[in-house]
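Please have a look at the sequence and the fold before reading on.

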Amino acid sequence: MNRFSSSFCKAQAVVLAVAAIFTGCVQSEKADVAPPVKVTVQSVSLSRYDNPVSFSGTVETAETSTLSFSVPGTITGIYVEEGQHVTKGQVLARVKSDNYVNAGNIADAELAEARDAYARLKKLHDANALPDIKWVEVQNKLKQAENAAEMSKRAVADATLCSPVSGVVSRKFANVGQTVIAAAPVIELVAVGDLRINVSVPEGRIGEISEGQKAMVSFKSLGIDSVVGQVARKSVVADPLTRAYAVKIAIPAGGGRILPGMVGDVSIDLSAKSDTVATADVLLPSQSVLLGSDNRTFVWVVEHGKAVRRIVKADELASGGILVTDGLSAGDSVIVAGMQKVGTGTPVVAELQRTEN
């Protein structure tokens, strides 16, 4: 009887020990399970981002003329200043023309002599009293004298520099008393009536821009909030450094207030293009788009109640955040708040982001 009681007690002790170990493991497993993290998510819908995309650009003139004299000489007068408006045909500068005037007078005298000889010998030619070789000679001398007189007259005119178009003097390259050679730059003239603003468009968007597309341009420094422009030209070759394409947008002069070199903000509604196919682009808060150690951008999405890292393409800045153009699908839930508390596989409790009306 005592032996049986002793064995029973030992068996009972073993059972209690095993139960204690099992209970301890269960309690340990329960203690290791972390509570779900509360996050805020934004749902992705299959619709393109309809708000205009903004760019910053610099105003330039569509027509810039660098004016120079066609003849060498010493500048005797420059009659305009930088920033001055000029009209077509207005005299801008002159070089010393005494030598050209004297050469013109000599050419005129030789022309008068050649014409007189031609008139005298023509009578003899008509009377068949002049050899043909002599008649050809007098004709050639008259032609040469006419050409020399025309060249001299042109040289006198070229000593005066006139404006070929109406515009504004942007730069002066020479001063009074300076001797210049033919074709040396003297004055730069811009036609401010035909202005364009030059913007750089990323390669991901250049295909959505076409000539004739409308754009809204604003100049905060001038207090101009809205100027209607139109895409005049887009480059077909990307800049080798930025990989962006130059787009030129024609704009009005704004009553002469908008000048070349000014910086303006350009807003282009890319959704207005009829042949654009809808894509799952989504505008996310900038803090939700992260850069990994591999230099790739990613976001956290919720799948089956857990956080999952998703690589995305997000190289477009827009008003209010970053435009993600690839990597997301309709129905995805992107974590936009609380992402700093999660890792791969972290259980989450998602709350849908509230939309302000």
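**The chain as a whole**

This is a predicted model, so every value here is computed from predicted coordinates. The protein chain contains three helices and 23 strands. It has 357 residues, and 34% of them count as buried. If you look at contacts with a separation of 6 or more in the protein chain, 72% of them come from residues 24 or more positions apart.

**Strand 4 and its partners**

Strand 4 covers residues 73–78, and it pairs with strand 9, residues 179–180, in the antiparallel sense. Two bridges make up this pairing. Within it, glycine 73 is placed opposite valine 180 of strand 9. Strand 4 also pairs with strand 6, which spans residues 91–95; here again the sense is antiparallel, with three bridges. In this case isoleucine 75 stands opposite valine 95 of strand 6.

Is isoleucine 268 buried or exposed? Its relative accessibility is 0%, so isoleucine 268 counts as buried. The C-alpha atom of isoleucine 268 is 4.8 Å from that of alanine 215, although the two residues are 53 residues apart along the chain.

**Rings and a charge**

The structure holds two aromatic pairs. One of them joins phenylalanine 298 and tryptophan 300: the ring centres are 5.9 Å apart and the planes meet at 90°, so this pair is edge-to-face. The angle decides the label because planes over 60 degrees apart count as edge-to-face. Phenylalanine 298 has a relative accessible area of 8% and is buried. Tryptophan 300 is buried too, with a relative accessible area of 8%. Both values fall under the 20% cut-off for buried residues.

Phenylalanine 298 has a further neighbour to look at: the charged end of arginine 309 sits over the ring of phenylalanine 298, at 4.1 Å from the ring centre. Phenylalanine 298 thus takes part in an edge-to-face pair with tryptophan 300 and also lies under the charged end of arginine 309.

Terms used
Residues are numbered from 1 along each chain as its sequence is written. This is a predicted model: local features need pLDDT of at least 70, side-chain atom pairs count only at pLDDT 80 or more; totals for chains, interfaces and linings use all residues. Side-chain values use heavy atoms; hydrogens and water are left out. Two strands pair if DSSP finds at least two bridges between them. Helices (H or I, at least four residues) and strands (E, at least two) are DSSP runs, numbered from the N terminus. Buried means under 20% relative accessible area, exposed over 50%, partly exposed in between (1.4 Å probe, protein chains only). Contact means heavy atoms within 4.5 Å. Rings of Phe, Tyr and Trp (its six-membered ring) pair if their centres lie within 6.5 Å; planes under 30 degrees apart count as stacked, over 60 as edge-to-face and the rest as tilted. A charge sits over a ring if NZ of Lys or CZ of Arg is within 6 Å of the ring centre and within 35 degrees of the ring normal.
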